[in-house]
Amino acid sequence: MSSGSIKNINIVLLGAPGAGKGTQAEILVNEYGLLHVSTGDMLRSAIKEGTETGLKAREYMDRGELVPDEVVCSLVMDRMSREDAEGGVILDGFPRTRNQAEVLDASLKAEERKLDKVLYVAVSDDVVIERLSGRRVCPNNCKVYHVTNMPPEKEGVCDVCGEKLLLREDDKPETVKNRLEVYKKSTRDLVDYYRDKGLLAEVNGDLEARKLFEEIDALFRAEGFIDDDTQ
Ligand code: AMP
């Protein structure tokens with residue numbers, strides 16, 4: 001499914017690490033051309049480039065803790081003020097705290113924009129642990145793989161650039177446990193915040209990626225976010 005063009009919408013993907021937010025964002029970008037704004041990716045790039053933000057973020061990330069709100073908020077707001085974000089964005093991994101959600105609301109409002117939907121990708125702990133321990137990333141950020149669910153063509157090597165794939169430092173089992181705890185503490189509050197605003201839609205993150213996309217696509221159509229070419 002999914003012929004049609006999407007309206008200018010701003011979406012938040014909420015869900016545990018490993019819920020499949022990044023994979024869904026990638027599919028939504030390919031299908032609908034929305035801009036993917038991932039705070040995790042931006043922070044990892046900042047670390048790689050050795051910027052001031054990267055230096056501040058690294059110690060928190062390595063422990064699986066949240067990077068301070070002011071660091072993350074300014075990164076996101078800068079990104080959202082660029083021209084290519086005007087056609088609509090998918091926020092992945094942001095907001096993660098109520099304060100970040102309030103900062104986001106205020107800055108969108110100041111620019112006469114708004115959030116259209118918050119997709120809560122609900123997933124069980126067992127699935128998260130299985131996905132994260134098997135996740136492999138390309139050091140050049142080309143693509144994300146999974147040793148069994150989405151293996152590269154040649155074992156251990158990126159299909160796009162040929163670099164050796166890595167296990168993310170924070171995908172190691174000790175850190176995953178901490179990330180899940182941090183997530184549960186901070187996100188419960190966010191789920192309530194967006195449910196109260198009538199923006200929350202829960203989707204099933206235990207589903208295989210393409211099936212989950214079909215669920216999201218159906219929801220977008222029901223919301224009137226898609227102008228169907230076939231009509
Ligand atoms: P992710 O790739 O979304 O799982 O993020 C990896 C790590 O980056 C997290 O464990 C946090 O340390 C940090 N991070 C990403 N997004 C945020 C955010 N919105 N607020 C605080 N820390 C974040």
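Tutor: Helices (H or I, at least four residues) and strands (E, at least two) are DSSP runs, numbered from the N terminus. The model is predicted, so local features need pLDDT of at least 70, side-chain atom pairs count only at pLDDT 80 or more, and totals for chains, interfaces and linings use all residues. Residues are numbered from 1 along each chain as its sequence is written, and side-chain values use heavy atoms, with hydrogens and water left out.

Student: Which two residues does a cis peptide bond join?

Tutor: Phe94 and Pro95 are joined by it, with omega at about -5°. Pro95 sits in the loop that runs between β4 (89-92) and α5 (98-110).

Student: What is the phi of Glu112, and where is Glu112 found?

Tutor: The phi of Glu112 is about 55°, a positive value although the residue is not a glycine. Glu112 belongs to the loop between α5 and β5 (117-122).

Student: Is Glu112 buried or exposed?

Tutor: Buried means under 20% relative accessible area, exposed over 50%, and partly exposed in between (1.4 Å probe, protein chains only). Glu112 counts as exposed because its relative accessibility is 77%.

Student: What is the phi of Asn141?

Tutor: Asn141 has a positive phi near 65°, and it is a residue other than glycine.

Student: Where does Asn141 lie, and why does Asn141 count as partly exposed?

Tutor: Asn141 is in the loop that links β6 (135-137) to β7 (144-146). Its relative accessibility is 46%, so Asn141 counts as partly exposed.
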